[in-house]
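Dear colleague,

Please find below the structure that I am handing over to you.

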Amino acid sequence: MFKAIALALGFILLLTLPVSASQFPDQLPYVTKEEANSFGLILSYSNGGGGWEGSNYVNFYQDFICPHRNDSVNNYIRIMVTYYKDNEAVEQFNWFVQQGKNSTDKVEDLIGFWSGEKEGTITYHYEFHGGQNYADLKFVYTKRYFDGHGFTSVEHTYAALVGEHYWVTAEVSYLKGTTACDLEGPAPVLLNLYLSRIPNSTVRFPVNSSTTAPGNQGGSENSGTSSGAPGLSPDAVKRMDDTREKLKWLGDNWGGFVVIKTPKGDIIRLVSSSPDYTGDSSAIGWKAKYYGNKALDTFIDQVANYLPKPLGLFKDYFKADKDINVFSDDEMVKKTAKDLHVDEKSASLYNGMSDIENREKSLSPYKNAVPTNIETKPIEVVINSMGVAIKKTLAQDYRWELEKTAEIAVRYKKAGLKYKDIIRNTVEEMSDTTTGMHRVNMMNRNSKGAFKDQEARIRFYINKLYEEGII
């Protein structure tokens with residue numbers, strides 16, 4: 001009898017437990033590709049984790065990037081929604097707020113590994129704002145050498161707590177001066193779109209009025225046109241609408257377009273993203289294009305001899321511009337691989353980071369001013385061969401540095417470290433084990449922009465490894 005009473009009491013207690021404490025939501029918020037396009041962004045990646053037996057969380061995240069971006073730089077927005085069965089969401093939010101309040105600006109000396117002398121400065125700058133169950137922390141990291149080169153990276157993290165179980169974040173990450181579109185503006189608006197799709201959520205981030213969510217119409221409601229341009233004459237409004245329609249037509253023929261709603265009207269942005277056109281050639285077409293381009297280079301060299309002297313000296317500029325128009329990005333990788341006799345991975349890294357071509361082009365007028373004849377031809381061949389050998393070595397060194405970074409990062413990933421900790425530890429270990437190597441010094445000297453610094457290259461490699469699902 002006592003056993004029956006105990007079972008009945010136990011059953012009643014189970015019925016009184018809240019459902020949310022024992023199971024996960026059926027679906028977490030997400031946005032579609034079309035919604036991402038309305039912000040002028042591309043939805044590049046979606047994934048999730050957790051939810052297995054014994055797990056206390058389930059999450060889902062999506063990455064957004066700019067159209068027409070530079071593939072050698074990984075600028076993105078990553079939005080993640082995590083549901084915790086326990087109170088870890090509250091702990092995460094409290095920790096984030098405390099971290100933001102305790103962050104202080106500082107400047108450090110940049111000490112050379114071999115010289116032991118000050119070669120520049122490293123600046124850490126933080127901006128923190130908080131509200132009712134939401135906060136954001138902006139971290140600006142600047143490394144600047146006295147010789148002028150360096151880089152500035154920005155990581156802007158937005159965090160929101162919904163109820164006691166939802167932890168929602170948006171991370172904006174980019175190298176300053178390399179973004180192909182605005183990433184800062186759309187981030188909080190996108191995040192609010194996720195927050196609005198959580199049941200009973202009232203948490204929202206304050207946003208700039210120049211960026212609105214999909215479906216929000218801007219401009220005058222009684223203007224009678226989609227352009228929403230009050231104060232213009234009817235003829236001017238008609239011309240604007242005609243121009244917009246022509247842009248849409250151009251976008252359809254070029255690859256696509258997106259309409260971005262703003263309070264001042266619609267912005268038409270062309271996007272070359274048609275699945276039917278990649279810009280690549282067939283195998284036969286590629287060979288014809290490659291060897292035809294070689295013949296065209298020879299023709300330009302010959303014609304340059306008959307051009308006025310100042311114009312002929314700049315023939316290498318014509319060749320470089322010709323290559324950009326003849327080959328697509330993927331074909332340029334194939335061309336580099338064939339020219340340097342390396343694999344396509346090495347060629348892709350070389351195209352994205354090397355500065356040798358730019359230097360050669362700037363020096364070419366002086367080189368072309370030197371008279372040549374049949375006696376100097378063997379010397380020219382030797383010098384050109386040495387140049388190819390240096391480029392080949394540099395391309396292979398980029399590949400080596402990538403693989404070395406992957407080896408270290410995967411080890412930290414298997415150890416269970418978080419993504420930011422993987423980046424920090426990998427950068428430190430690579431610096432400790434490779435700084436001063438001849439190949440690293442060669443990459444520092446011959447890379448362009450931010451890639452003159454090894455840390456910037458390592459961060460780029462890690463982002464690539466993340467995109468490929470290796471870490």
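The count comes to two cavities of 30 Å³ or more. A cavity here is a set of points on a 1 Å grid over the protein atoms alone where a 1.4 Å probe fits but cannot get out, and its lining residues have an atom within 4 Å of a point. This is a predicted model, in which local features need pLDDT of at least 70 and side-chain atom pairs count only at pLDDT 80 or more, while totals for chains, interfaces and linings use all residues. Residues are numbered from 1 along each chain as its sequence is written, and side-chain values use heavy atoms, with hydrogens and water left out.

The largest cavity holds about 240 Å³ of space, a volume being the space filled by probe spheres set on the points. Its lining comprises 20 residues, and Asn74, Ser173, Leu175, Arg459 and Asn463 lie nearest its centre. The second largest cavity holds about 40 Å³, and Cys66 and Arg69 are among its lining residues.

There are 17 salt bridges, each a side-chain nitrogen of Lys or Arg within 4 Å of a carboxyl oxygen of Asp or Glu. In one of them, Arg459 pairs with Glu455, with the closest N and O atoms 3.2 Å apart. Glu455 is buried at 11% relative accessibility, whereas Arg459 is partly exposed at 25%; buried means under 20% relative accessible area, exposed over 50%, and partly exposed in between (1.4 Å probe, protein chains only). Salt bridges that share partners join Lys143, Glu155, Asp453, Glu455 and Arg459 into one network.

Yours sincerely

Key
1 Å grid on protein atoms, 1.4 Å probe; cavity = no way out; pocket = protein on both sides within 12 Å on 5 of 7 lines; lining within 4 Å.
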